Amino acid sequence: MFGVFVTFDLGAAYDAARLSQLAQAAVPKFRGMPGLVSKTFTLDDEARRAVNFYVWESEAAARGFFTEETLAWVAGVYGVRPTLRFVAVAGRVENGP
């Protein structure tokens, strides 16, 4: 498995309520997505950023999703272009929702 941290440094534009709404609205778009194992939306109030963490079946699936077109669309939604950090997943535990 392969993971991707997608970080949006929002600074003064950080709005936890808006980001929570964006996350809830996006959940259905990711259900059943080929190659995607899981996606978690997080909010870091102290750092004023949102970090989404994806787990993909393979590195190819992870890198294939984050095209320039996708990054431009996401930047339009969040108002900033994210930074990406690709990582190998050494292990994973999921106990429920």
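Arg63 counts as partly exposed, since its relative accessibility is 43%, where partly exposed covers the range between buried, under 20% relative accessible area, and exposed, over 50% (1.4 Å probe, protein chains only). Glu59 is likewise partly exposed, at 38% relative accessibility. These two residues are joined by a salt bridge in which the closest N and O atoms are 2.8 Å apart; the term stands for a side-chain nitrogen of Lys or Arg within 4 Å of a carboxyl oxygen of Asp or Glu. Both Arg63 and Glu59 belong to helix α2, residues 59-65, and they are four residues apart, about one turn of the helix. Helices (H or I, at least four residues) and strands (E, at least two) are DSSP runs, numbered from the N terminus.

The model is predicted, and for that reason local features need pLDDT of at least 70 and side-chain atom pairs count only at pLDDT 80 or more, while totals for chains, interfaces and linings use all residues. Residues are numbered from 1 along each chain as its sequence is written, and side-chain values use heavy atoms, with hydrogens and water left out.

Another salt bridge brings together the side chains of Glu68 and Arg81, at 2.9 Å from N to O. This pair links distant parts of the chain, as Glu68 lies in helix α3 (residues 68-78) and Arg81 in the loop between α3 and β4 (83-88), 13 residues apart. Glu68 is exposed, with a relative accessible area of 54%, whereas Arg81 is partly exposed, with 45%. A further salt bridge is formed by Glu94 and Arg92, whose closest N and O atoms are 2.2 Å apart. Of these two residues, Glu94 counts as exposed at 53% relative accessibility, and Arg92 counts as partly exposed at 37%.

The chain can now be viewed as a whole. It holds three helices and four strands, and from the N terminus on these elements run in the order β-α-β-β-α-α-β. The radius of gyration of the chain is 13 Å, close to the 13 Å that the globule rule gives for 97 residues, so the chain is as compact as a globular protein of that length; this radius is taken over C-alpha atoms, and the rule is 2.2 Å times the number of residues to the power 0.38. Along its principal axes, the C-alpha trace spans about 35 × 30 × 25 Å. Of the 97 residues, 34% count as buried. When contacts (heavy atoms within 4.5 Å) with a separation of 6 or more are considered, residues 24 or more positions apart account for 67% of them.

Thr7 gives an example of such contacts within the chain. This residue is found in strand β1, residues 2-9, and it counts as buried, at 15% relative accessibility. Leaving aside its neighbours within four places in sequence, Thr7 is in contact with Arg49, Ala50, Val51, Pro82 and Thr83. The C-alpha atoms of Thr7 and Arg49 are separated by 7.0 Å, although the two residues are 42 residues apart along the chain.

Arg48 is placed in the loop between β2 (36-44) and β3 (49-56). Its phi is positive, about 55°, although Arg48 is not a glycine, and at 33% relative accessibility this residue counts as partly exposed.

With its neighbours within four places in sequence left aside, Phe65 is in contact with Phe30, Met33, Tyr54, Trp56 and Thr70. The C-alpha atoms of Phe65 and Ser20, by contrast, are separated by 22 Å, and these two residues are 45 residues apart along the chain.
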